[in-house]
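Trainee: Could you walk me through this model, giving the general idea behind each feature before the particular case?

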Amino acid sequence: MKFKKTKKISKKNKVENVLHPKKFKVPKSNDVVDKEPIKIEPESLERHDTGISKLNPANAKTKLAKTKLEKEKAKFEEGIKTAARAEILNADGAGFIKLEEEDDLPTTFLKQHEICEAVDIASASKHFELTLPRYGPYRFDYTPNGRHLLYGPYRFDYTPNGRHLLLGGKRGHVAAIDWPTKKLHNETNVLEGVRDVQWLHTETMYAVAQKRWTHIYDWQGTELHCIKHLHDVKRLEFLPRHFLLVAATNTSFLHWLDTSMGKLVNSFRSSEGPFNAMTQNPANGIILTGNGKGTVSLWSPNVKEPLVQMLTHKGIVKGLSVDTTGKYLVSTGMDARLRLWDLRMYKQMQEFKFNSNIGEVTFSQRRSIAVSTGNVVRVFEDPIIGKPTGSPTLMYTCRGLVTNLQFCPYEDVLGVGHEQGFVSLLVPGSGDPNVDALFHNPYESKQQRREREVRVLLEKIPPEMITLDIIGLNRVKKDEPKEEVEEKDLLGRTFPKKKKQQRDPNQPWSALDRFRKVE
Amino acid sequence: MPKPQIRVLSRNPDDYQRETKNDIFKVNRNFKTNPDPLSHATEYVRALNAAKLDRVFAKPFLGSLDGHNEGVHLLRKHPSRLAMILSAARDGQTKIWHLPSKKCLTTIQAHNGPVNGLSIDEVDGDMFVTVGQDSQLKHWQLPEVIETSLSEPIHSIPLSSVPHSISHVSKSTDFVISGDGISVWKLYRDSPIRTYELGHNTTHFVKCNPIETSIMAGCSSDRSIFLLDTRQKTPLTRVVLKLRTNTISWHPMESFTFVAANEDYNLYTFDMRKLESAKIVHQGHTAAVMDVDYSPTGREFVSGSYDRSLRIFNVDGWRSREIYHAPRMQQVLSVLYSMDSKYVLSGSDEMNIRLWKAHASEKLGPLRPREKAALNYANKLRQKYQQHPEVGRILKHRQVPKSIYSAAKEHQIIKESQQRKETNRRRYAPEGTPFVSERAKPIVEHGFEK
């Protein structure tokens, strides 16, 4: 029987036949996979770089240290590239107003109802007005013209995740609302004048600076604490990462209260006179106050004097606001000017003139500026990146004198508190479109809120760490060169000076070098 | 009039909220954000918390193996069975323990008098050899499951002199007995295949190198450590220290490194090739160091001393990483580092063997992935911030019994005074006087006289 001669299958062919039988054609790699990886912008690399580019392994003293540092640096750089590539996952999409043709009316004259018509129902519902007339037979007041019954000028506060709104009227009306769903948590009258309101670390507690003392309430309205030490408070600020409630009083005192422990960290009298404006720098927890002389002072609870004093205006400082990165300060004063400052160098960057008296000012997350002049609110584009044209992108006239302005975080909404109540305006392009749920989550559930509360409490930054330059914290302190002091023995004689040994560069370095004779 | 294009931020809540109770929560991240400006402070606070939690969870004592009637001066681990430990006491009893249940599997009256040496062979691991003060060499069975009593040895050989220690040659069934001299034996032979006469001194300890199979190190009563090679007739080299060395342990990875537990309260890591000075001096104990054992990773070792404490050292550290003590634990005579590098055992004079965790705050058992990630993060934070004064202060602090604390203080005063006097002497000493480093100080002589 003849045996058929089989073809000699080379090793190469053998493998191919097993893995890729002729029946199934494997598509060529060119079709499926991109030849080039995704391009990374250099700015995104810079953004994610926390300082590793400054590390130079060549400066290491030993070879072992050099190789170790090189490896570490390579690891970090790989991490930065991965983080930069991951940016593509961002569901970007900030709001905007785009004009179709050039001869259209500028956006300044856009009415709120026009904006509401142009957007979807959910966004349109974010614009609402709360006209708060007299609320009960036993307490009322008339304006001088006798036409409207006032519940007082309103001050308000948004929670850091932009979900809940707290209103406080001067006549004592305090209301906590979940404003996107219009759900009312609680509404009371504290039967005393309310100067300022502030949410604490979650939406379950808030602080109300009443005429006499400061009270802390539960979101159901139950009074939890009455803090007698914080009396006659004009303005309140809450530092969420430090759990510090800062109170500026009419008697020019500043108090820092740790709300996690109930301990008063510091309270002292500033020799500045009554405070007119107060804000916090979210990047380092420093409090900025403006006084009647036109100076802005930067305060830390560790020092009784202001850390920095800036001569900002030629009149009373009316409004202050710091952006979320802590780099820029915007201030308004009685000299009808709006000034933009660089907070690192304490230098003025820009100046805007106004024709009438300016009131409040505030920054949004994307650095839009909202200014109030009397009844009118004007919103300007980002003056640092955008063109400082001087004409606002939006204007709105309120029913009463504006007392408080605040942009809602993560929404294109500006809240305005005025004499007749509160209004929520749509300002396209002011909110940060990307929410990082590990920091602030507007869609928090009860469980998530509880977990966050515990985590934030554990990571509470101690008040001793509130400084101007917080990044210096994990830098290595370089030793100062020691001064050469002549040593003397007990009888006052100086020790014989030893000549400095000059090391022969050809000889290998050894620990016994200093004990070799100098030739 | 054409209306301008307006877009306002509008989010779909379904993208941010979970659908059912059984899903995990959705966490949307912002990948483009500027780094959190308070991240440095937050990281520091986290590191501080991690350091504090490390101390809160530092509960190393797991249990004690009770049963011996005399001080436990020998502890041996089985090379392949993780759960089995052998211990020998001064009354001649040898016990085999099952670690997970902390129970004694069986007790053997091995010798009439103290058991001087115990060694398990690596090849099969089903038998072990003991030598006793009664000059007997006995081979015993060591089955995996102990059903029958092991009271009778397989083989028993009388020796001509009192043996002091026994060690198996690595990867072989041959073993080495030390006493009067060093003798190399083959399994089941009645007489040694080779003997080394090393003078009048007794060699009270011998240990074979786990990597270089022909090299062994021995400690003799003339305060010397000598190295032998079975391939040659004369010893390789030796080093004489100021005080006697009690035990030696070879590094499991580096064939030329060994650590010697000395009577002068220190441990010395030597490089076999350069015996003129020790590589590292491990300080901390306040009485003679009795036993030392390396971790199988080769990164740490544990030492037990006469001052009733155990210390765990990093291989390159002069100071100990950890100290374990118990109010009822008397002089620690033997120590063991388990083969999974998680546990440490100490046999002490009050007839107890104690089981400790090697890393005091480690969580044992299977960890959930998030738990593991969180613990890894905490470990890394502690490592990063250990030089920071506040964090380091918490990490380094150990509560120590009063006797050790006051003895350590006294030693420190003595040391400082000696250093000060040395500095003063050197000021007026002629230029060019040699400087004796701390590593070379305990060495009296090295090498053989020519």
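Mentor: This is a predicted model, in which local features need pLDDT of at least 70 and side-chain atom pairs count only at pLDDT 80 or more, while totals for chains, interfaces and linings use all residues. Residues are numbered from 1 along each chain as its sequence is written, chains are lettered from A and ligands numbered from 1 in the order in which they are written, and side-chain values use heavy atoms, with hydrogens and water left out.

Trainee: How many aromatic pairs are there over all chains?

Mentor: Rings of Phe, Tyr and Trp (its six-membered ring) pair if their centres lie within 6.5 Å, with planes under 30 degrees apart counted as stacked, over 60 as edge-to-face and the rest as tilted. By this rule there are 23 aromatic pairs over all chains. One of them joins A:F354 and A:F380 edge-to-face, with 6.0 Å between centres and 90° between the planes. This pair links distant parts of the chain, since A:F354 is in the loop between β22 (347-353) and β23 (361-363) of chain A, whereas A:F380, 26 residues apart from it, is in strand β25 (residues 376-380) of chain A. Helices (H or I, at least four residues) and strands (E, at least two) are DSSP runs, numbered from the N terminus. Chain A also holds one aromatic cluster formed by A:F128, A:F156, A:Y158, A:W179 and A:F422.

Trainee: Is A:F354 buried or exposed?

Mentor: Buried means under 20% relative accessible area, exposed over 50%, and partly exposed in between (1.4 Å probe, protein chains only). A:F354 counts as buried because its relative accessibility is 12%, and A:F380 is buried at 9%.

Trainee: Which side chain makes a polar contact with that of A:N186?

Mentor: A polar contact is a pair of N or O atoms within 3.5 Å; within protein, one must be able to donate a hydrogen and the other to accept it, and residues adjacent in sequence count only if both atoms are side-chain atoms. The side chain of A:N186 has such a contact, of 3.3 Å, with that of A:Y206. A:N186 belongs to strand β6 (residues 183-189) of chain A and is buried, with a relative accessible area of 9%.

Trainee: What lies over the ring of A:W213?

Mentor: A charge sits over a ring if NZ of Lys or CZ of Arg is within 6 Å of the ring centre and within 35 degrees of the ring normal. For A:W213 it is the charged end of A:K228, 4.9 Å from the ring centre; in chain B, B:R273 lies over the face of B:F256, at 3.8 Å from the ring centre.

Trainee: How should I read the order of strands in an open sheet?

Mentor: Two strands pair if DSSP finds at least two bridges between them. In chain B, an open sheet of four strands runs β3-β4-β5-β6 with antiparallel pairing, and its edge strands, β3 (72-77) and β6 (103-109), each pair on one side only. Five bridges join β3(B) to the antiparallel strand β4 (residues 84-89) of chain B, where B:I85 is the bridge partner of B:K77.

Trainee: Why is strand β18 of chain B described as largely enclosed?

Mentor: Five of the five residues of β18 (residues 237-241) of chain B are buried, so the rest of the structure largely encloses this strand. Buried residues cover both faces, with B:T237, B:V239 and B:L241 on one side and B:R238 and B:V240 on the other. β18(B) pairs antiparallel with β17 (residues 224-229) of chain B over four bridges, and B:S224 stands opposite B:V240. Three bridges also join β18(B) to the antiparallel strand β30 (residues 443-446) of chain B.
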